[in-house]
Amino acid sequence: MNYAGRFNSFIFKGQNVFDAIEAYKKMKGITHLEFNYPEHIAGYDLQELKEAMKPLRVNGLAVRWRKDFLDGDLTNPDEGLRTRAIQMAKDATDVCRELGGTVVTLWLENDGFDYPFQMDYAKCWNQVVEAVREIADYAPDIRISIEYKPFEERDFAMIDSTGMTMYLISEVDRENVGCTLDFCHMLMKHDNPSYGLALAAQKNKLFGLHMNDGYGRKDSGLIFGSVSFAQSAEFIYYLEACGYDGVVFFDTFPIREESKAECQANIDAFELIKSKVEKIGVEKIQKIVSEHSGISAQKLILDMLR
């Protein structure tokens with residue numbers, strides 16, 4: 001399995017991008033890097049980054065529209081800012097390609113609303129569709145991956161669920177547009193993570209994963225498998241069943257934990273749960289799933305804990 005960690009786990013504690021790269025190079029299991037754009041790229045020479053990260057590879061970049069875009073990213077009422085937001089995503093695809101990556105992730109953090117009567121829903125929906133289509137057409141060789149989050153930074157996000165994400169992907173109608181599923185975001189929405197995974201994988205639109213855990217009330221960013229063992233195991237089963245061969249990115253927040261140890265804890269948890277699934281086997285689990293039995297499902301979970 002290919003694994004990547006979160007740069008801000010180190011940067012928020014005073015280290016720079018090169019410090020984080022060195023830490024990841026010394027970590028057991030890390031194979032890839034994922035940058036936020038432009039915050040992890042601005043001010044750095046791309047060739048220096050490429051040299052520093054060897055032998056690790058870049059999976060992709062995630063676009064971050066920050067304070068200038070509080071009124072919207074792809075739906076900003078200021079047409080100049082909206083154009084700038086789209087251009088940032090296009091620029092991210094160029095940098096991604098230069099660094100050897102293949103995926104640009106779009107989390108539309110400011111595209112949403114807080115009050116009734118604050119947004120022309122149909123107009124803004126069309127703006128998102130048109131913008132994502134424009135970005136995808138600009139870089140047909142790069143996968144454009146939509147990451148949903150039900151709330152935060154807005155009280156209501158426009159793209160707030162697996163279903164809405166798949167609807168957007170269908171509306172955009174481009175081969176290189178898919179989705180990134182964040183486990184904690186799915187818990188926040190009260191989506192069952194594996195349900196969304198199965199639907200996205202069935203359409204060959206699963207372009208990325210953000211693995212973490214939480215209680216569903218906020219974006220907790222806890223260590224993978226620390227709270228939701230059964231759902232984590234089911235998620236890994238569906239990854240195995242669909243033959244996912246992409247990168248597993250750990251989007252967790254070591255606020256009080258030491259960054260390197262916390263990332264390693266994610267890898268160790270994923271590997272251990274994965275080994276439990278593989279020991280029982282995909283075919284046997286599939287037979288249990290086909291029984292539609294809560295008792296059989298619970299016995300399977302207990303077998304994994306032995």
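**Reading the cut-offs in a predicted chain**

User: What is the charge make-up of the protein chain, and how far apart are the centres of the two sets?
Analyst: The protein chain has 35 positive and 48 negative side chains, with the centres of the two sets 5 Å apart. Lys and Arg count as positive, Asp and Glu as negative; His and the chain ends are not counted. Each charge is placed at NZ of Lys, CZ of Arg, CG of Asp or CD of Glu.

User: What sort of model is this?
Analyst: This is a predicted model: local features need pLDDT of at least 70, side-chain atom pairs count only at pLDDT 80 or more, and totals for chains, interfaces and linings use all residues. Residues are numbered from 1 along each chain as its sequence is written, and side-chain values use heavy atoms, leaving out hydrogens and water.

User: How many helices and strands are there in the protein chain?
Analyst: Twelve helices and ten strands. Both are DSSP runs numbered from the N terminus: helices are H or I, at least four residues, and strands are E, at least two.

User: Why is the protein chain called as compact as a globular protein of that length?
Analyst: The globule rule is 2.2 Å times the number of residues to the power 0.38, and the radius of gyration is taken over C-alpha atoms. For 306 residues the rule gives 19 Å, and the radius of gyration of the protein chain is 19 Å, so the label holds.

User: Why is Gly5 called buried?
Analyst: Buried means under 20% relative accessible area, exposed over 50%, and partly exposed in between (1.4 Å probe, protein chains only). Gly5 has 0%, so Gly5 is buried. Gly5 lies in strand E1 (residues 2-6).

User: Which residues does Gly5 touch, not counting residues up to four places away in sequence?
Analyst: Tyr24, Ile30, His32, Phe249, Phe250 and Cys263. Contact means heavy atoms within 4.5 Å.

User: What makes Tyr138 partly exposed?
Analyst: The relative accessibility of Tyr138 is 37%, so Tyr138 counts as partly exposed. Tyr138 is found in helix H5 (residues 121-138). Leaving aside neighbours within four places in sequence, Tyr138 is in contact with Lys90, Thr93 and Asp94.

User: Which residues touch the most other members of the largest nonpolar core?
Analyst: Phe35, Trp65 and Leu106, in a core of 86 residues. A nonpolar core is a set of buried Ala, Val, Leu, Ile, Met, Phe, Trp, Tyr and Cys residues joined through side-chain atoms within 4.5 Å. Beyond four places in sequence, the residues that Phe35 touches include Phe7, Val17, Met53 and Leu99.
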